[in-house]
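Here is a short briefing to read alongside the model.

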Amino acid sequence: MQDLPEILECHLLAGAHDYLMRVIYRDSADFERIHTDIITQLPGVTRVQSTLTLRTIKKTSALPM
């Protein structure tokens, strides 16, 4: 995971899903390549559920003071 430049973030989750990854890709063919050749081939991966962001409404790293 650490050596895969396509995966920008990976978070261990509590709840119904195990991990949340933020992935960068050029187009749908590149996303398919990452899904098929990289993510599904990682050790322990048996199922993948993808969700695509349509638009970012708010993004900040500032903490309220």
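A residue is called buried when its relative accessible area is under 20%, exposed when over 50%, and partly exposed in between, using a 1.4 Å probe and protein chains only. By that rule Asp-30 is buried, with a relative accessible area of 5%. The model is a predicted one, in which local features need pLDDT of at least 70 and side-chain atom pairs count only at pLDDT 80 or more, while totals for chains, interfaces and linings use all residues. Residues are numbered from 1 along each chain as its sequence is written, and side-chain values use heavy atoms, with hydrogens and water left out.

**Charge pairs**

- Side chains of opposite charge can pair when their charged atoms come close.
- A salt bridge here is a side-chain nitrogen of Lys or Arg within 4 Å of a carboxyl oxygen of Asp or Glu, and the count comes to 4 salt bridges.
- Arg-33 and Glu-6 form one of them, at 3.3 Å from N to O. This pair links distant parts of the chain, with Arg-33 in helix H1 and Glu-6 in the segment before S1, 27 residues apart.
- Helices (H or I, at least four residues) and strands (E, at least two) are DSSP runs, numbered from the N terminus.
- Arg-26 and Asp-30 also meet in a salt bridge, at 3.4 Å from N to O.
- Arg-33 forms a salt bridge with Asp-30 too, the closest N and O atoms being 2.9 Å apart. Salt bridges that share partners join Glu-6, Arg-26, Asp-30 and Arg-33 into one network.
- Both Arg-33 and Asp-30 lie in helix H1, 3 residues apart, about one turn of the helix.

**Burial across the network**

- Glu-6 counts as buried because its relative accessibility is 16%.
- Arg-33 is partly exposed, at 31% relative accessibility.
- Arg-26 is exposed, at 70% relative accessibility.

**Strand pairing**

- Two strands pair if DSSP finds at least two bridges between them; S1 and S2 run antiparallel and are joined by 5 bridges.
- Which residue of S2 is the bridge partner of His-11? The partner is Leu-20.
- The two strands S1 and S2 form a hairpin with 6 residues between them, and Gly-15 in the turn has a positive phi of about 120°.

**The largest pocket**

- On a 1 Å grid over the protein atoms alone, a pocket is an open set of points where a 1.4 Å probe fits, with protein on both sides within 12 Å along at least five of seven lines; lining residues have an atom within 4 Å of a point.
- The largest pocket holds about 1200 Å³ of space. Its lining has 31 residues, and the closest to its centre are Tyr-19, Leu-20, Met-21, Gln-49 and Ser-50.
- Strand S1 (7–12), strand S2 (19–23) and helix H1 (28–38) are the elements that give two or more residues to this lining.
- S2 supplies the largest share of the lining, 5 residues.
- The lining residues of the largest pocket divide into 16 nonpolar, 10 polar and 5 charged. Ala, Val, Leu, Ile, Met, Phe, Trp, Tyr, Cys and Pro count as nonpolar, Asp, Glu, Lys and Arg as charged, and the others, Gly among them, as polar.

Methods. Grid points are joined across faces, edges and corners, and a volume is the space filled by probe spheres set on the points.
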